Amino acid sequence: MKTIAVVGKGGTGKTAITTLIAKVLSEDYNYKLLLIDADPTHPHLSHMVELVPQKSLEDVRLEIIKESMKKKNKLVKIAENVDFKLYNAIEENKKFSLLSIGNPETAGCFCPANSLLRKVIESISKDFDIVLIDCEAGLEQINRRVIRSVDVILIISDISIRSLETAHSIKEMAKKFTNYRYMGLILNKVRGNIDILLKRINKLNLPLLGEIPEDETILDFDLKGKPLINIPTNSNSLSPIQKIVVKVLEFKD
Amino acid sequence: MRYKKIKEILDNFLKRVQLEKENVNVYFIKESPFYKSKWKKIGVYLDNYKDIVLKSDTGLELGGMNKTSFSLIYPIKTTKNTINTNKIIIIGPEINDLNSSKTNFGLFILLTVKNLSDKLFESLRNFSFISNGIDGFAIRSIPRRFWCRISQNSINKKFSFQFLGNAIISLYKQKFGKEINSIEILMITESSKLINKFLEHTAEITNELNNRWKVKVDNWKKRIDCDYEWACEICPYFKSCKSLQEILEERKNLEI
C-alpha cells in the first residue's frame, strides 16, 4: 500500500491536481484507490470527483465521543463498531472510494478519539493499493489526525515565488512531522518564461516531477462548477499528470 | 499450540454440532484449476478482481455491523509426517437456502505450513489478496469480525459457500505455493448461536493468538498523542478522554 499526500499553499491547485491524479490512477491502472478529502475548510475534492459522502470522519468522531460518554453500549461493542462506522462513512463508486475529514465543529482536545480513528484509518487503508490525500495547507493534520506515515509527498506550487517559498517551508515541516520516503514538486498553472523559478527550484533540493500548463479546459470546468474528474482525456494538463504518476509509481516502498 | 491440539478442539466442536443435528457438509478438495471446475464462470485469480462491489450491486452481505461474525486465520507449522488434507466444512445453510440478503457468518482458516516466520505469519493472515482475487467478492478488513459483499452477478453465476472455500484454497496456493501443506476452512452460516458457540469452544485458540501479539498491543499504548503531555489533572477534557481511552484499549485487543 502506498500513501500519497498532496500539499501546498492555498490556491495553487492541490485539489485539481489530486483529482487529475485520481483520474489517471483509476482509468489507466488497476489499483484499489482510496481518496481522502482532508481539507476541513475547503472540502472540494468530493465535488471535483463527483462522489459526495453522507458522513464525514468528524461525524464519526462525534458519534464515538457521544456514545462513550453516554455509556449505553458496552465498551467492546463501541470499539468493534468503530471500524464499521468509518467504513460506512466511505462513499464508493466503481472507480474509487472517498473519505471526507469534515469540518470540526467542536473545540477541545480529543486526542484518544483522534488516535483511535487514525488507527482505524490505517487498518482500513490495508484494503487499498493507494491512498491519495488532498491536504489542507500545512502538514500538521497528516501527522496528528489522519495518517501517521506518508510514503510520498507531492508539493504543489504555482509560478509565484511566494508559493515556492511555502513549498520550501512544507518540505522542512515534512521532515519534522512525517516519515515520508519520497517527495517531489509539481509546478501548476505554468505559462510564459519560468527560468528564474527553475533556478530557484534547483536550490531547493526538491525534485521537479512535472509542469502542468495553465489549462483552459480546467478554467472552463471551474467556471461552470463541473466535476473535474470528467475532464476530456485530450486536455493539456492530463499528459504531464500521466508522466508524474509514472514517476510516483516507480518509487518503490 | 500444537496442530494436534487445534484439530482436537475443532473435531470436538464438529462432533458436538453433528450430535445436535445441525446441517454440516464436509468437502475434501482435490486441486484442479478453476477454469475446469463447475464454477468456471466466476473468475478466481490473484489481484485480478479489484472492482468495488457497490451496495446497489450486492446480492449477499456476510457479517457486517449488526450481524454476528468472526474471522480467524491460524497458520501453524507442521512436520512432514502430519497427514494434511485440504478440507471445507460448512455448518449451516448454503447460499441458495438463506432467508435474507444479509447473514451472520463465521470463517476459520487453519493453514499448515512447512516453515513459519513472523513475516509469513502476517502475510498468511492478510485477507486482501482473497478479496482481490475473486470476481464479484469484496472483503472489508475489520479486526476479528467479518464483512464482505458478494455481487448479485456472481450469485447468478452460482456463487456458493462451497465455491468460496475452493476459491480461498486456490488463492492461497497461487500466492504461497509450496510453502503451504494444507488448508482447512470452516464456515458457519446464518446461526448466531452456533457462531457464539464456536467462539466459546475455540477460546483457547483465540487466546493463543492474543498472547502472540500482546507485545505489539503494548507498544500501541505508547502511541496516543496528547496535547497536555498526559498532565491529566490540568486537562479540561479528562472525563471524555478517559472514557475514549478505554474504547481505544478495547479496539487494540480486537486487533489480533
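**Sheet, helix packing and aromatic pairs in a predicted model**

Strands are taken to pair if DSSP finds at least two bridges between them.

Residues are numbered from 1 along each chain as its sequence is written, and chains are lettered from A and ligands numbered from 1 in the order in which they are written. Local features need pLDDT of at least 70 and side-chain atom pairs count only at pLDDT 80 or more, while totals for chains, interfaces and linings use all residues; side-chain values use heavy atoms, with hydrogens and water left out.

The secondary structure of chain A comes to 10 helices and eight strands, helices being DSSP runs of H or I with at least four residues. Of the 253 residues in chain A, 58% are buried, that is, under 20% relative accessible area with a 1.4 Å probe and protein chains only. Of the contacts (heavy atoms within 4.5 Å) in chain A between residues at least 6 apart in sequence, 79% join residues at least 24 apart.

How do α1(A) and α10(A) cross? The axes of helix α1 (residues 14-28) and helix α10 (residues 238-250) of chain A come within 9 Å and cross at roughly 70°. Axes are lines fitted to C-alpha atoms, for helices over the stretch in contact, and angles run from 0 to 180 degrees between N-to-C directions. The two helices are therefore roughly perpendicular to each other, a label for angles of 65 to 115 degrees. Residues of α1(A), including A:Ile17, A:Leu20 and A:Ile21, meet residues of α10(A), among them A:Leu238, A:Ile241 and A:Val245.

Turning to chain B, five of the five residues of strand β4 (residues 87-91) are buried, so the strand is largely enclosed by the rest of the structure. B:Lys87, B:Ile89 and B:Ile91 point one way from β4(B), and B:Ile88 and B:Ile90 the other way. Strand β1 (residues 24-28) of chain B runs antiparallel to β4(B) and is joined to it by five bridges, with B:Val24 partnered by B:Ile91. Five bridges also join β4(B) to strand β9 (residues 180-189) of chain B, this time in parallel, and B:Ile89 stands opposite B:Leu186 there.

Over all chains, the structure holds 15 aromatic pairs, counted for rings of Phe, Tyr and Trp (its six-membered ring) with centres within 6.5 Å; planes under 30 degrees apart count as stacked, over 60 as edge-to-face and the rest as tilted. B:Phe13 and B:Phe198 form an edge-to-face pair, 5.1 Å centre to centre with 80° between the planes. This pair links helix α1 (residues 3-19) to helix α6 (residues 192-201) of chain B, its members lying 185 residues apart. Both B:Phe13 and B:Phe198 are buried.

Note on methods
Buried < 20%, exposed > 50% of the residue type's maximum accessible area, 1.4 Å probe, protein only. Parallel < 35°, antiparallel > 145°, perpendicular 65-115°, else oblique.
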